[in-house]
Amino acid sequence: MKDKSVSYRIFLAFDYILLISLTLIFLFPYLNIMAKAFNDSADTALGGLTFYPRSFTFQNIKTILGDKSIVNSAFISVARVVIGTLVAIIVQFLSAYALSVQDLKGRRAVLFFMMIPMFFTGGLIPQFILYSKIKIINTFWVYILPYSFSFYNMVIIRTYIKSLPQSLLEAARLDGAGEFRILVRIIIPLSMPVIATVVLWLMVGYWNDWSTTLYFVTKKRLFTLQYLLMQVINESERVQSLIQQAIEQGLSGNVKIQTTPESLKSAQVIVTTLPILCVYPFLQKYFIKGVMIGSVKE
Amino acid sequence: MKQVTLDNKKAAGGERLSFKYIKKRLSFYIMLIPGLLAVFVFSYCTMPGILMAFQDYDFVKGFFGSEWVGFRHIHDIFTMTTYRTAIINTIVLNTVTILISFSLPIIFALLLNEIRDGIAKKSMQTISYLPHFLSWVSIVAITYSLFARDGFINDLRVLLLGQGTERIMFMAQPRNFVPIYIGLYIWQSLGWDSVIYLAAISGVDQQLYEAVKIDGGNRFSQVIHVTLPSILPTIIVLFILKMGTMFADNFDLVFGLQNAYVDFEVISTVVYKSGIKQANYSMATAMGLIQGVFGFILMAAVNVASRKISEVSLW
């Protein structure tokens, strides 16, 4: 397996250089925005910021966290992650458990019924009309209910439950334990690894989603952090192009640039992404496990 | 114990679907209710809505009051520039993205596999996953910041090309859209997509490497003659599956990169704009339907191909 030749050592040196540069490319954009977020905004305006703050300050982050709409949207985002994840894992786990019972009559029909929408759905506009008719548009429930079932997650959980030792369940049934009791006392404790995996997918998915707000929510009170970030991107881009145009047309004398939205925007990116980035290195094994189960399934 | 298990199964399997049976198994059927309800309401109840594509749907008149127009909207989509361009854009953007990006995670996995230092390998892997955990919105925000007039890329240009170099508004130039889109796609997915290849590589039979070595082959010929052929089935399956997503598009990223100067449209952005923003429900539904039908046909074809070539299929 090992190759000690000179040519291989040269290759290995190049390999290290290449991979380390790649790693820097993966990391740098985030470090750059982090430096901006923690750098004094007047200093940032001078340009030339790389991957560390030159003049460290918490001011930008404080300003962002002091903003009422941001605090409110953070609350909505967290509530969505917590409630949405809870609802979804309960719905998906119950279905998965019932469908893991080998001899349950109608099992195949139910599986088929749940699988069809994987390949064939109404699409965005029929969704929009339906949500209007059942009056969940512009309510918190539009963040939760439509995403409560996922065939893919259900299959992953079901595959796992099926791999549990069946004799354990049979023994409990012989002792006269009811199915709900078996579920709570035996199945759920044994299924913790797959529950952790699916819960993490759900949490990251809910936290990072923003188009649901764009499509179905117009109430400011219900905006999520991601949606607020998108608004800021569009606005500041508009402001910047206006300033740029003004300068090009020689009108810059009349335009006083007092603050750059740049620092605040960066701070908002950090507030929106840091919760996930702090935990992902410790949780990545669960995500990788998911990729593996999925690929085996395929 | 074992005997009891077998007997139990036999008994249950032989039973008829009777009232008594359902009563005995009632708890399982109750557990299925939330899932069935969610699927029925949020998936099945949207399906009749597809018929809007064949109507002049009026929100006030409702589904039964609106006028039927047959295939007029479908016909319009293939003749009207806005819609046709969006379809062509989607296919072209996906083709170019797949062609450019597909091989990169494989190369990354092969290069990473040569690193024997566990800590270095693990840290590089972990960092390469970072972009995968960012939302597309924050990726777009970071991109705008990086490519801004006073952002890092322009700083770098001034540093390399000398003072007085013009600062370019990258994000406001339509011709930069496709390169930036592909760049961001690669940045986001490269590390994560290599996971599956790394797993495939670690599953290669070690004896095969020894065989090549005995035949006098070096590490490079081991990779060419053992590693690559061993992971070829994985590569083929993933490539075929990727081809199946040709009609899908990344709404978040495309919409995020659009601004006052860039108006590159794909199917989903047109569906959103004409459907939800302009309340042009029927046209947008027809557009979504075309995407769905083409996507389904492609997936089915791809699945057949995958089964033929590698005996692996989705269904």
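**Entry 1: extent of chain B**

I looked up the radius of gyration of chain B and found 27 Å, whereas a compact globule of 315 residues would have a value near 20 Å. I note at once that the model is a predicted one. I then took the box filled by the C-alpha atoms of chain B, and along the principal axes its dimensions are roughly 80 × 65 × 35 Å.

**Entry 2: make-up of chain B**

I turned to the secondary structure and recorded 16 helices and two strands in chain B. How much of chain B counts as buried? I found 35% of its 315 residues in that class. Next I considered the contacts in chain B with a separation of 6 or more, and 66% of them are between residues 24 or more positions apart.

**Entry 3: make-up of chain A**

I repeated the survey for chain A. How many helices and strands does chain A have? I recorded 13 helices and zero strands. For chain A, the share of contacts formed by residues 24 or more positions apart is 72%, taken among contacts with a separation of 6 or more.

**Entry 4: domains of chain A**

I noted that chain A is divided into domain 1, residues 1-57, and domain 2, residues 68-297. Their contact takes seven residues from domain 1 of chain A and eight residues from domain 2 of chain A. Which helices supply at least two residues each to the side of domain 1 that touches domain 2? I identified helix 1 (6-37) and helix 2 (41-44) of chain A. Helix 1 of chain A gives the largest share of that side, with four residues. I also sorted the residues on this side of domain 1 by class: four are nonpolar, two are polar and one is charged.

**Entry 5: contact between the chains**

Finally, I examined where chain A meets chain B. The contact takes 84 residues from chain A and 82 residues from chain B. Which helix of chain A provides the largest share of the side that touches chain B? I found that helix 13 of chain A, residues 261-297, provides this share, with 15 residues. By class, I recorded 47 nonpolar, 25 polar and 12 charged residues on the side of chain A that touches chain B.

Definitions and conventions:
Residues are numbered from 1 along each chain as its sequence is written. Chains are lettered from A and ligands numbered from 1 in the order in which they are written. This is a predicted model: local features need pLDDT of at least 70, side-chain atom pairs count only at pLDDT 80 or more; totals for chains, interfaces and linings use all residues. Two residues are in contact if their C-beta atoms, placed from the backbone, lie within 7 Å. The radius of gyration is taken over C-alpha atoms; the globule rule is 2.2 Å times the number of residues to the power 0.38. A residue is buried if 20 or more other C-beta atoms lie within 10 Å of its own, exposed if 12 or fewer, and partly exposed in between; C-beta atoms are placed from the backbone. Domain bounds come from an automatic or database domain assignment. Ala, Val, Leu, Ile, Met, Phe, Trp, Tyr, Cys and Pro count as nonpolar, Asp, Glu, Lys and Arg as charged, and the others, Gly among them, as polar.
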